[in-house]
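Visitor: Can you walk me through this one? I'd like to start with the surface and then go inside.

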Amino acid sequence: MKILHFHPDGRMARRFIFPLIEEEHKQGHESCLVVSRFNGEGKVKKIPYDLSLNGFPFIVFRLIRIIFFILSYKPDIVFSHNTKSSLLPLFAACFARVKERVYFNHGVPYIGYSGILRIILILLEYLNCRLATRIITVSEDMAELIRSAVKNAQPELIHNGSACGIDLNEFNYQKYSDGAWRREHGFDNEDMVVVYIGRPERRKGFVHALQLWQKFPLNSRCKLVLCGPDTTNVLSVLPEVPPNIIGLGFVNNIPEILCNADALILPSYHEGLPYATLEAMASGCIVMVNDIPGVRCVVHHGVNGFLIKDNSIDVFFEIINDIQGKKIDIDSVRLQSKMTAKLFKREDFLYKYTEFISKISI
């Protein structure tokens, strides 16, 4: 069987789509990935189809390119990932009469916006769902939001949700127990290393994280490590980079960082299923996250992590101080969080994903 995946970002596709494609190959299927930017290794086709203001004048030309590619590839199944980028692939697959068109929703973004942008994002959800023959999403919260936006939509979860499961062999504290990463970055055992993972965008809580860290004294033992944002991004918000904030930019060693960190903060304003949170849980990090849909499916306050009502900077600050002051039973929280991460074990997810492929190919 021939399977075609569309994902706008080749760099992110390596994390979330390549495991699916590798499993498809193991099952004897022929698979190809189409990306809009950041071309990756493997069998990848680059067509800049992502919806953007700059690309809007070329939208018809790009749609035609996708249609011709689909007609030449002749897929049995088309998967289109990401809400904002699925309209053209799904429309093209519908035009090309591909029998199985799967809208793979990795998160419902409209809940993070208001006004006209919120209306546009709801409209995109509606169109994506109507053009698809099947809808997959990553958490029960996202399924409910899709049903709220699109009447009669029937989103499905594979296994317990998620995009491709968590590789527990990679996010394993024992693998990085030598502490080399901490020493390399000048951290000692007394430092509390807190990680932020995400793009340097307001909706991901980047500005919120920086505002939180301004509450800590510059000589504090609490260090904020930014994975995604770099020093330039910090300087776009603050007049200078404080010594207790380290901007690493894009990194490829997230498992090593999380396994050497003490905690993760996620002040995001919307999430589908927070992969950074699950990966942190598997790595033994204490997670502190904004109390929003998607996150609530994973984090139970005071049990396997901490939900922060209204993204309160004061509450984030209080919990970090409580962790540092050993006022919280860290070992119990870590044990429960690791048990949660096991519910999303990659091998189990891929087994169910294979069943899903077999079911829709009948």
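Guide: First a term: patches are made of residues with over 30% relative accessible area and no salt bridge, where like charges are joined within 9 Å and nonpolar side chains (Val, Leu, Ile, Met, Phe, Trp, Tyr) within 5 Å. Areas use the Shrake-Rupley method with a 1.4 Å probe, and for residues only the protein chains shown count as cover. A salt bridge is a side-chain nitrogen of Lys or Arg within 4 Å of a carboxyl oxygen of Asp or Glu. The model is predicted: local features need pLDDT of at least 70, side-chain atom pairs 80 or more, while totals for chains, interfaces and linings use all residues. Numbering runs from 1 along each chain as its sequence is written, and side-chain values use heavy atoms, without hydrogens and water.

Visitor: Which residues make the nonpolar surface patch?

Guide: Val60, Ile64, Phe68 and Leu71 make the patch, which covers about 400 Å².

Visitor: Where is Val60?

Guide: Val60 is in helix α3, residues 59–73; helices are DSSP runs (H or I, at least four residues), numbered from the N terminus.

Visitor: Is Val60 buried or exposed?

Guide: Val60 counts as exposed because its relative accessible area is 55%; exposed means over 50%, buried under 20%, partly exposed in between (1.4 Å probe, protein chains only).

Visitor: Now inside. How many cavities of 30 Å³ or more are there?

Guide: There is 1. On a 1 Å grid over the protein atoms alone, a cavity is a set of points where a 1.4 Å probe fits but cannot get out, and lining residues have an atom within 4 Å of a point. Grid points are joined across faces, edges and corners, and volume is the space filled by probe spheres set on them.

Visitor: What lines the largest cavity?

Guide: Glu23, Glu24, Gln27, His29, Tyr353, Thr354 and Ile357. Helix α14 gives the most, with 3 residues.

Terms used. Helices (H or I, at least four residues) and strands (E, at least two) are DSSP runs, numbered from the N terminus. On a 1 Å grid over the protein atoms alone, a cavity is a set of points where a 1.4 Å probe fits but cannot get out, and a pocket is an open set with protein on both sides within 12 Å along at least five of seven lines; lining residues have an atom within 4 Å of a point.
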